[in-house]
Amino acid sequence: MSALVEFRDVGVDYARRGGIVSAVQNVSLTLEENETFGLVGESGCGKTTLSMALMGLLPASARVTGQLMFRGEDLFAMSESEHRRLRGDEVSMVFQDPATSLDATFGIGYQVAETVRAHRQVSRRESKARALELLREVGIPAAESRYSDPPHRLSGGMRQRVVMAAALANDPSLLLADEPTTALDVTIQAQVLDLLAALQRKHGTTILLIAHDLGVVAQICDRVGVMYAGQLVEVAPVGELFAAPRHPYTRALLDALPSRGRRGRALRVIGGQVPDLSHPPAGCRFADRCPHRMDVCATVPPLATSGAERQIACWLDPATRATAGLAPLPDSPTPNPAVPVGDPS
Ligand SMILES: Nc1ncnc2c1ncn2[C@@H]1O[C@H](COP(=O)(O)OP(=O)(O)OP(=O)(O)O)[C@@H](O)[C@H]1O
Ligand code: SF4
Ligand SMILES: [Mg+2]
C-alpha cells in the first residue's frame, strides 16, 4: 500500500467572536490507497473539521497549520480553483443527511446525470446511461422507472444510495463519508455500510468513514483513528483496537459499546464531557475524565508510532514515553484494565 493522504502535524483553529476554538491539534496520520479508515470520537472532537480540510471547504474563519498532503501536493498551499479541480476529479463526499445533498425539485436520475456531466464531457444521452448504471450499482430497484422520481418519493436509505451514486460519478480516489448512516435505522444502516464496503472493493477507492460509534467502523474499516477533543489519541488496525485498546479513552468507548455479555444491563457511559475547545486544557485533553491521570499529563502527550501500524498519545504508554525520552512506567498497564469511568451498573 502507498500513502494517498498525509496529515502532517495538522492544526485547525476557528476564529470567532470572543476567541479562538482549537478544533484540531497536532494530527499526524496517513490514509493508504485502497483502505477504509474509520475516524471515531464523541461529538465536537474535530472529525468533520478534518474532512472539510480535505475537501478544501473550511470556512474563512479557519486558520490551519501543518501540511495536508494529497498524492504529494500540499492542500493547504492550493488555490481555490485547484481545490475545485481536486473535488471534481479525485475527492467526493457523502454527508449525514441526504436531504442536504439532493435537490427536492429534480428527479434523482437527473441529479446523478448532472453530476456525471459536471465531471465529464459527455452528451445528455451518455450521462443518462451512466446515471442509470450508477443507480443500479448502488441498488436502486427499477432504476429506469424511478429515474424521474423526486427525492421525497424514496426512503431515507434509498436517498442515501442516490447520494452515493452521485459521489461515485467521478470515480474518486478518496470518498469521505461523514456519518453516512446516522440518520438511518439499524437495518438500513447495515445495508448502506455493506454497500460502501462492496463499492470500496470494486473501485479500490480509499474511504474515510466518520462515525460516533465504534460499532459502525468495526463493520467495514481496515484501520481506525480515535479522536478526542481535537487530538488524535490512538490509531490501530480494527481487530487490534478491539482486542487490545491502549488509550484510556478508546477503552472507555469500547466499554460503552453494547455487547452480548452485557445484554439487559445498563450501558456504561463515559463520565464528564468533552472540554470546551475555546478554552482547552493545556496538556492531555482527556485528563479531566481519565482515571489514570498523573502530573505529566499537564503536558500534551506526543502522538507516538508503535510498531508498523499503531499510533498512541498517552503518558501511560511506553511508546509515547519513549518518544519523549521517558522510561516506561514500572507497572505500565498494557492492554485492557477495565476503565470504571462512570459505570452506572
Ligand atoms: N465554523 C465553525 N466556527 C467555530 N467553531 C466551529 C466551527 N465548526 C466547528 N466548530 C467547533 O470545532 C469543534 C470541532 O467540531 P467538528 O464539527 O469538527 O466536530 P465533530 O467531531 O465532527 O462533531 P460531530 O460528531 O458533532 O459532528 C467543535 O468545538 C465545534 O463547535
Ligand atoms: S495522557 Fe494522562 S490523562 Fe491523558 S489519557 Fe493518558 S494517562 Fe490519561
Ligand atoms: Mg461532524
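In strand β5, Glu73 is the bridge partner of Phe70. That pairing is a handy way into this structure, which is a predicted model.

**The open sheet**

- Phe70 lies in strand β4 (residues 62-70), which pairs with β5 in the antiparallel sense over two bridges.
- These two strands belong to an open sheet of four, with the order β2-β1-β4-β5 and antiparallel pairing.
- β2 (19-32) and β5 (73-74) stand at the edges; each has a single partner strand, so one side of each has no neighbour in the sheet.
- As background, strands of a sheet pair through backbone hydrogen bonds, and the pairing can be parallel or antiparallel.

- Strand β3 covers residues 36-40 and is mostly covered, with five of its five residues buried.
- Which way do the residues of β3 point? Thr36, Gly38 and Val40 point one way, Phe37 and Leu39 point the other way, and all are buried.
- In general, side chains of a regular strand alternate between the two faces of the sheet.
- β3 runs parallel to strand β8 (residues 206-211), and five bridges join the two.
- β3 also runs parallel to strand β9 (residues 223-228), here with four bridges.

**Helix α1**

- Helix α1 spans residues 47-55 and is mostly covered, since eight of its nine residues are buried.
- The buried residues are Lys47, Thr49, Leu50, Ser51, Met52, Ala53, Leu54 and Met55.
- Gly56 follows α1 and has a positive phi, near 70°.

**Around ligand 1**

- Ligand 1 has 15 residues around it, and those that come nearest are Ser43, Gly44, Lys47, Thr48 and Thr49.
- Thr48 places a polar side-chain atom 2.8 Å from an oxygen atom of ligand 1.
- The backbone takes part too: a polar backbone atom of Gly46 is 3.0 Å from an oxygen atom of ligand 1.
- For Cys45, a backbone N or O atom lies 3.1 Å from an oxygen atom of ligand 1.

**Around ligand 2**

- Where does ligand 2 sit? Ligand 2 is found in the largest cavity.
- The residues around ligand 2 include the cysteines Cys284, Cys290, Cys297 and Cys314.
- Also around ligand 2 are His247, Pro248, Phe286, Ala287, His292, Arg293, Trp315 and Leu316.
- Sorted by class, this shell holds nine nonpolar, two polar and one charged residues.

**Arg310**

- Arg310 is part of strand β12 (residues 310-312).
- Is Arg310 buried or exposed? Arg310 counts as buried because its relative accessibility is 8%, and the cut-off for buried is under 20%.
- The side chain of Arg310 makes a polar contact of 2.6 Å with the side chain of Glu234.
- The Arg310 side chain also reaches the backbone oxygen of Ala244, at 3.1 Å.

How values were computed: Residues are numbered from 1 along each chain as its sequence is written. Chains are lettered from A and ligands numbered from 1 in the order in which they are written. This is a predicted model: local features need pLDDT of at least 70, side-chain atom pairs count only at pLDDT 80 or more; totals for chains, interfaces and linings use all residues. Side-chain values use heavy atoms; hydrogens and water are left out. A residue is near a molecule or strand if one of its heavy atoms lies within 4 Å of it. On a 1 Å grid over the protein atoms alone, a cavity is a set of points where a 1.4 Å probe fits but cannot get out, and a pocket is an open set with protein on both sides within 12 Å along at least five of seven lines; lining residues have an atom within 4 Å of a point. A molecule sits in a cavity or pocket if more than half of its atoms lie within 2 Å of its grid points. Ala, Val, Leu, Ile, Met, Phe, Trp, Tyr, Cys and Pro count as nonpolar, Asp, Glu, Lys and Arg as charged, and the others, Gly among them, as polar. Buried means under 20% relative accessible area, exposed over 50%, partly exposed in between (1.4 Å probe, protein chains only). Two strands pair if DSSP finds at least two bridges between them. A polar contact is a pair of N or O atoms within 3.5 Å; within protein, one must be able to donate a hydrogen and the other to accept it, and residues adjacent in sequence count only if both atoms are side-chain atoms.
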